[in-house]
Amino acid sequence: MPTTTLGASEVPVTRLSFGTAALGNLYTEVSEEQARGAVDAAWDAGVRYFDTAPHYGLGLSERRLGAALRDRPRAEYVLSTKVGRLLEPGGPGGRDTEGGFAVAADRRRVWDFSADGVRRSLEDSLERLGLDRIDIAYLHDPDDHPGQAFREGYPELERLRAEGVVGAIGVGMNQSAMPARFLRETDADAVLLAGRYTLLDHDGAREVLPEAVARGKSVVIGGVFNSGLLADPRPSATFDYGPVPPEVLERALHIKRVAERYGVPLRAAALRFPLAHPAVACVLVGGRSAAEIRDAGSLLAAPLPAGLWQDLRTEGLLPPGLPVPDGP
């Protein structure tokens with residue numbers, strides 16, 4: 001599996017990486033066996049970068065990922081988690097439907113981008129993971145907390161990087177404006193951009209990706225299937241963690257029809273498209289089973305005819321000027 005380093009750091013990431021929100025029972029439950037099988041399949045496919053967060057299943061993703069990696073050689077893989085949400089006892093009870101995870105709501109998420117909160121979050125994550133270190137730390141969704149994130153949270157990440165506690169730092173968000181600001185105003189190594197540079201949504205190409213190229217930073221692309229729509233476009237699919245609007249569904253189906261002319265699975269085109277941009281270090285692909293992860297690994301090597309991208313441009317589905325795999 002090809003690797004590249006994040007920004008000016010020495011942290012290597014594999015071009016295909018594993019985002020583990022599904023291991024936290026995103027939307028539906030995943031068994032312990034399924035979760036372990038997905039991590040094992042990712043490893044067998046050559047994936048060596050794994051991303052998690054306390055938010056995912058109120059810590060369940062971190063616990064499952066740590067257990068699955070614990071017997072692997074620690075020097076052979078890279079792990080990222082996120083800060084900004086502390087998990088406190090005393091949740092509302094019932095199920096964590098508001099958070100989007102099929103787990104018991106026995107804890108509550110508390111926003112905290114303070115310096116102390118950042119350190120405590122990483123300490124708590126290490127305990128849940130049962131591992132000796134975290135390689136990459138991202139500020140997680142500071143949309144409504146920009147002041148504290150820039151004044152306190154980010155400087156603390158810089159101190160942790162200088163101390164050697166983490167190897168690379170950045171921010172992970174579902175929007176483009178604030179990640180672009182982080183690239184301009186900080187010395188972050190990377191931004192994790194979820195859902196904003198895909199075959200359906202090219203917003204990241206306006207500011208984030210050009211800023212990253214200009215400043216020698218990296219972009220990690222999450223949400224490459226836009227919450228599942230680009231994996232299997234249908235009326236019941238989700239888009240950006242919610243119901244798909246009719247016009248977005250039609251656009252996805254149009255892209256699928258173009259791909260089918262060339263015998264290309266839509267999933268393959270969606271997975272490979274972001275990797276053509278020079279700012280993009282890797283794509284994070286989620287999966288709740290070994291089969292889904294093996295599928296992603298096989299799609300990475302699927303041949304993609306140049307005519308596919310030309311047709312997408314001609315039919316107004318892909319703006320001119322965006323780089324495409326194996327072509328201008």
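Start by selecting β5 (78-83) and β8 (136-140): four bridges join β5 to β8, and the two run parallel. Strands here are DSSP runs of E with at least two residues, and helices are runs of H or I with at least four, numbered from the N terminus. Two strands pair if DSSP finds at least two bridges between them.

This is a predicted model, in which local features need pLDDT of at least 70 and side-chain atom pairs count only at pLDDT 80 or more, while totals for chains, interfaces and linings use all residues. Residues are numbered from 1 along each chain as its sequence is written, and side-chain values use heavy atoms, with hydrogens and water left out.

**Stop 1: β8 and its partners**

Pick Y138. K82 stands opposite Y138 in β8. β8 and β9 pair in the parallel sense over five bridges, and Y138 stands opposite G170 in β9.

Colour β8 by burial. Buried means under 20% relative accessible area, exposed over 50%, and partly exposed in between, with a 1.4 Å probe and protein chains only. Five of the five residues of β8 are buried, so the strand is largely enclosed by the rest of the structure. In a regular strand the side chains alternate between the two faces of the sheet. Here I136, Y138 and H140 lie on one side, A137 and L139 on the other, and both faces are covered.

**Stop 2: helix α5**

Select residues 177-185, helix α5. Its buried residues are M178, P179, A180, F182 and L183.

**Stop 3: helix α2**

Move to residues 60-69. Eight of the ten residues of α2 are buried, so this helix is largely enclosed by the rest of the structure. They are L60, S61, E62, R64, L65, G66, A68 and L69. Their cover includes α1 (32-44), β4 (49-51), β5 and α3 (115-129).

Next, N25, in the loop between β3 (16-19) and α1. N25 is buried, at a relative accessible area of 6%. Contact means heavy atoms within 4.5 Å. Not counting residues up to four places away in sequence, N25 touches V30, L60, R64, G100, F101, A102 and V103. Two of the α2 residues, L60 and R64, are buried too.

Then go to R72, in the loop between α2 and β5. R72 is partly exposed, with a relative accessible area of 21%. Beyond residues up to four places away in sequence, R72 touches D40, W43 and Y77. Draw a distance from R72 to V103: the C-alpha atoms are separated by 27 Å, with the two 31 residues apart along the chain.

**Stop 4: the cores**

A nonpolar core is a set of buried Ala, Val, Leu, Ile, Met, Phe, Trp, Tyr and Cys residues joined through side-chain atoms within 4.5 Å. The largest has 90 residues, and F50, L199 and W309 have the most contacts inside it. Apart from it lies another core of 14 residues, among them V13, A168, L192 and V220.

Centre on L199. Leaving aside neighbours within four places in sequence, its contacts include L230, I255, L266, F273, W309 and L317.

**Stop 5: the cavity**

Finish with L16, S17, F18, A42, V47, V285, I293 and A296, which line the largest cavity. β3 gives the most to this lining, with three residues.

How values were computed:
On a 1 Å grid over the protein atoms alone, a cavity is a set of points where a 1.4 Å probe fits but cannot get out, and a pocket is an open set with protein on both sides within 12 Å along at least five of seven lines; lining residues have an atom within 4 Å of a point.
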